[in-house]
Amino acid sequence: MQRRAFLAAAGAGVTGALAGCIGPSLSSSEYDIGMQSNAFVPEPAVKGNDVPTFEASVGDTVVWANTGSRNHTVTAYEDGVPEGADYWASGGFESEQAARNAWENSINGGGIVQPSETYEHTFDVAGDYYYVCIPHESAGMLGKVVVTE
Ligand SMILES: [Cu+2]
């Protein structure tokens, strides 16, 4: 319940951001999932899910945009990738452990998506994908992409 309330509040924040706080290089038509201070903000969210969920089709390229003012990562959970799909993460790391290690030690930019930057990934295998922003994991900055045929 508490998390739902938080998501609703984050949604309200997005409306404000779209009203004029996004830099000139990022318009809402250029991305699918925004990133606010402690949350991924997919559009549209699937009602009834605990985790912000974005729906895509096989072959779709999903674009995340850092619409906030803090650094974020988009990092797949190793066990949150369906069978047959490649591991994925901002920074292009080959495993969750490599992504976490890079973040902790600032290797290759640490996989950071800076404010006003975007990250994109093309989903070629159907299934449920779970991901996290490493620096804000404890704040519950998690997301899910559901890919269907
Ligand atoms: Cu974050």
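View 1. Strands count as paired if DSSP finds at least two bridges between them. Helices (H or I, at least four residues) and strands (E, at least two) are DSSP runs numbered from the N terminus. Thr 61 lies opposite Thr 122 in β6. β4 also takes part in a parallel pairing with β1, made by two bridges. There, Gly 34 has Ala 65 of β4 as its bridge partner. Residues are numbered from 1 along each chain as its sequence is written. Because the model is predicted, local features need pLDDT of at least 70 and side-chain atom pairs count only at pLDDT 80 or more, whereas totals for chains, interfaces and linings use all residues.

**View 2. The two faces of β1.** Ile 33 and Met 35 are buried on one side of β1, and Gly 34 and Gln 36 are buried on the other. A residue is called buried if 20 or more other C-beta atoms lie within 10 Å of its own, exposed if 12 or fewer, and partly exposed in between, with C-beta atoms placed from the backbone. In a regular strand, side chains alternate between the two faces of the sheet.

**View 3. The four-stranded open sheet.** The strand order is β3-β8-β7-β5, and the pairing is mixed. β3 (53-57) and β5 (75-76) are the edge strands, each pairing on one side only. Five bridges join β3 to β8 (residues 142-148) in the parallel sense. Phe 54 has Val 145 of β8 as its bridge partner.

**View 4. The largest nonpolar core and Val 145.** The largest nonpolar core contains 30 residues, and Val 145 is one of those with the most contacts inside it, along with Ile 33, Phe 40, Trp 64, Val 74, Ala 89 and Ala 99. Such a core is a set of buried Ala, Val, Leu, Ile, Met, Phe, Trp, Tyr and Cys residues joined through C-beta atoms within 7 Å. At least two residues of this core come from each of β1 (33-36), β2 (39-42), β4 (61-65), α2 (96-105), β7 and β8. Leaving aside residues up to four places away in sequence, Val 145 touches Phe 54, Ala 56, Val 62, Phe 123 and Tyr 129. Contact here requires C-beta atoms, placed from the backbone, to lie within 7 Å.

View 5. Glu 137 is located in the loop between β7 (127-132) and β8. Glu 137 is classed as partly exposed because 14 C-beta neighbours lie inside 10 Å. The C-alpha atoms of Glu 137 and Ala 39 are 9.4 Å apart, while the two residues are 98 positions apart in sequence.

View 6. Where pLDDT is low, the predicted coordinates should not be read in detail.

Methods. Contact = placed C-beta atoms within 7 Å.
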